[in-house]
Amino acid sequence: MTAIETTYRDALREALADAMRADECVVIMGEEVGLYGGAYGVTKNLIADFGANRVIDTPISEPAIIGAAVGAAMSGLRPVAELMYVDFAGMVMDQLANQAAKIRYMFGGQIGVPMVLRTQGGTGRSAAAQHSQSLEAWMVHTPGLRVAMPATVNDAYHLLRHALTLPDPVVFIEHKGLYTRKGTLDKDAPDADWGRAVVRRPGKDLTIVTYSRMLFETLAAAETLAASGLEAEVIDLRCLNPMDEETMTASVRRTGRAMVVTEAVMTGGLSAELAARIQESCFDFLEEPVVRVAGEDIPIPVSPALERGSIPSAQLIAETADLLVRRRTPSWATA
Amino acid sequence: MSFGDNQGPLRLYTTMRRIRSFEERVGELFVRGESAGSMLHLSIGEESVAGVCAAMTEGDTFTTHHRGHGIFIARGADPKRMMSEIAGKADGYCHGKGGSMHIADMGLGHLGANAIVGGGIPHIIGAGLAYRNRGEGRVSVAFFGDGAMQQGILYESMNMAALWKLPVVFCCINNQYGMGTRVDRSAGRLAFDERARAFGLDGVVVDGLDVEAVNAAAAGIVDGARNGRPGFISLEVFRFFGHARMDKSPYRSEEEEKAGRAKDPVLFTRGSLAARGIADAATLDGIDADVAAEMDAALEHAVKAAPPALDIMFDDVYGPGEPRPTPVRSRIADILSEARA
Ligand SMILES: Cc1ncc(C[n+]2csc(CCOP(=O)(O)OP(=O)(O)O)c2C)c(N)n1
Ligand SMILES: [Mg+2]
């Protein structure tokens with residue numbers, strides 16, 4: 001098959017449809033996944049193609065949706081349970097963290113829970129404090145869960161297809177700001193293997209590690225920096241568990257400087273985890289501290305200006321890199 | 001402020017007209033690109049909730065779901081501050097931090113609108129405990145949609161209310177839909193009042209077409225709650241428009257929409273007031289015109305109001321006098337200047 005131009009949303013739908021065609025055990029369940037076609041349109045028309053026994057509209061009962069997916073996964077189905085917003089993780093963390101994540105281990109390896117929890121997070125729609133968060137740290141802090149966060153169209157397809165072959169529960173976190181983004185999908189050519197990071201832009205002066213929508217802010221920042229002669233290497237992590245330390249380490253050992261960019265709040269999050277790993281594995285190669293650029297440690301405000309101001313922008317990323325590498329005073333420090 | 005005289009039919013009509021008029025302006029705010037986002041849930045068709053609100057009294061408190069504008073208007077909201085909040089402006093009820101789905105005002109007993117389906121329901125249990133322990137005679141009401149009827153937390157809360165005989169009321173606004181899911185596709189059995197009664201609550205289902213009938217039924221339930229008999233009301237209405245501003249309701253037929261919109265509580269009451277000679281057409285037109293002018297002013301106010309200053313994003317994460325979160329920019333500047341030193 002040749003590569004086609006499509007959207008992140010359509011690539012996800014293709015992945016679901018192809019997986020359902022390839023494996024009869026795959027079922028989708030969640031709120032508004034059938035008739036409505038998904039809150040963000042990802043499952044549009046799948047109920048027409050696969051029927052109501054495989055595309056299951058549920059009541060608004062999140063703990064039972066995820067719990068039912070756990071039971072289905074233990075009983076020979078391969079459920080894709082949709083949690084409409086990652087923010088609703090607050091309601092389902094028991095089924096996810098105490099049940100799905102631990103069943104294989106607690107029961108001595110007798111049975112696994114091969115399910116995918118599809119959800120989406122992030123800012124960009126003035127959806128306010130309970131519909132805009134980036135909660136991947138909650139998932140990554142739970143041994144037993146795999147976690148993927150695709151940024152590109154090709155990854156949206158391939159990571160979801162691969163997630164549907166794994167023996168364990170996968171939390172698949174999309175970004176609401178990426179659904180209409182266009183890109184190239186080549187069904188025969190994943191960007192890399194599951195669990196491997198990808199260097200999205202090579203550079204010699206510093207390494208910036210990121211994932212999900214922040215990839216594009218970071219690439220925009222790298223573009224700006226390049227115009228003034230600073231070459232940033234941009235790494236897209238793609239999977240948070242498993243985590244590809246090798247790619248990060250190799251890059252930072254070469255560049256000697258590292259930044260981590262996340263949309264999620266800074267404290268206790270992935271930015272801390274990544275910075276710690278880089279520091280541990282690259283200590284002797286680092287010329288500067290590993291710097292985190294992350295969301296402010298606040299709930300997401302509804303006002304568009306405050307919302308935008310609370311998460312990293314391309315400008316903040318570029319100015320931080322400039323400060324780190326060339327000691328240029330950033331605009332916010334001049335006031 | 002007293003809500004006692006709200007109970008007159010003309011007052012109920014005026015409140016309902018104010019709700020509709022306000023919601024129409026919210027739609028306009030969105031079309032003009034002045035709203036904070038598109039997650040705006042209009043309560044057009046559900047205005048007879050005014051009958052429940054009028055059965056509450058000063059000092060009573062409430063929580064709402066995401067479709068809560070109408071409820072708060074009926075409990076005395078200032079439309080200007082509400083519209084400003086929906087536009088994400090500094091002089092809104094929550095300084096532009098909460099938005100349409102998170103309006104609150106402790107002064108008027110609004111313990112908070114919630115964007116988690118079912119999220120606000122258990123709060124009335126705690127409020128009820130406080131009022132009971134202090135012997136205050138206040139009632140707390142949770143308003144939520146039919147979608148929340150399938151959330152477990154509702155039943156945990158109902159059981160506590162009955163167990164502890166709390167002064168609380170559960171009010172389901174059954175507008176027949178949760179997003180694109182009609183209520184008969186989300187519940188195995190539709191008699192919601194039976195569920196409440198099974199827990200030991202008083203439970204009624206009322207047709208939301210007639211706000212006066214709603215008010216009479218609600219008065220009984222709210223009085224019961226005040227006397228230690230918690231209750232449940234299911235208000236049967238129809239969601240006239242899409243779930244939120246982007247939803248064009250492709251999942252339901254035009255006939256269904258037409259039939260649903262024919263059950264218009266505002267027009268019904270208008271007709272009933274005229275037919276009974278309570279108010280003539282000129283009086284009702286006068287009310288409508290005053291309300292329209294009030295809500296036009298609210299809309300223009302919100303459009304012109306100033307956005308919040310960027311720095312307030314760090315306020316109110318914690319209480320007054322407590323350390324604020326460190327802004328990312330300050331942290332970066334500090335780290336890198338120390339590293340150089
Ligand atoms: C816990 C949770 N699950 C799902 C949603 C997404 N959602 C928002 S409103 C809604 C439908 C709610 O229907 P209902 O309770 O009947 O209220 P209505 O919108 O009809 O007023 C859904 C599914 C949410 N906000 N919170
Ligand atoms: Mg509803």
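**Cavities, a pocket and a metal site**

Reply: Domain 1 (4-185) and domain 2 (198-327) of chain A both contribute lining residues to the largest cavity, so that cavity lies between them; the domain bounds come from an automatic or database assignment. Keep in mind that this is a predicted model, where local features need pLDDT of at least 70, side-chain atom pairs count only at pLDDT 80 or more, and totals for chains, interfaces and linings use all residues. Residues are numbered from 1 along each chain as its sequence is written, chains are lettered from A and ligands numbered from 1 in the order written, and side-chain values use heavy atoms, without hydrogens and water.

Me: How many cavities of 30 Å³ or more does the structure hold?
Reply: The general idea: rolling a probe the size of a water molecule over the atoms shows where empty space is left. On a 1 Å grid over the protein atoms alone, a cavity is a set of points where a 1.4 Å probe fits but cannot get out, while a pocket is an open set with protein on both sides within 12 Å along at least five of seven lines; lining residues have an atom within 4 Å of a point. Grid points are joined across faces, edges and corners, and a volume is the space filled by probe spheres set on the points. Here there are five such cavities, and the largest has a volume of about 90 Å³.

Me: Which residues lie nearest the centre of the largest cavity?
Reply: Of its 17 lining residues, those are Ser134(A), Glu136(A), Met149(A), His175(A) and Ser212(A). Strand 7 of chain A gives the largest share of that lining, three residues (strands are DSSP E runs of at least two residues, helices H or I runs of at least four, numbered from the N terminus).

Me: And what is the volume of the second largest pocket?
Reply: About 440 Å³. Among its 20 lining residues, Ala129(A), Pro299(A), Lys97(B), Gly98(B) and His102(B) are the closest to its centre.

Me: Now the metal: which residues coordinate the magnesium ion (ligand 2)?
Reply: Donors are N, O and S atoms within 2.8 Å of the metal (3.2 Å for Na, K and Ca), and with water not among the atoms, sites may look incomplete. In this case Asp146(B) (OD), Asn175(B) (OD1) and Tyr177(B) (O) coordinate the ion at 2.0 to 2.1 Å. Their spacing in sequence reads D-x28-N-x1-Y.

Me: Are Asp146(B) and Asn175(B) buried or exposed?
Reply: Buried means under 20% relative accessible area, exposed over 50%, and partly exposed in between (1.4 Å probe, protein chains only). Asp146(B), at 2%, is buried, and Asn175(B), at 4%, is buried too.
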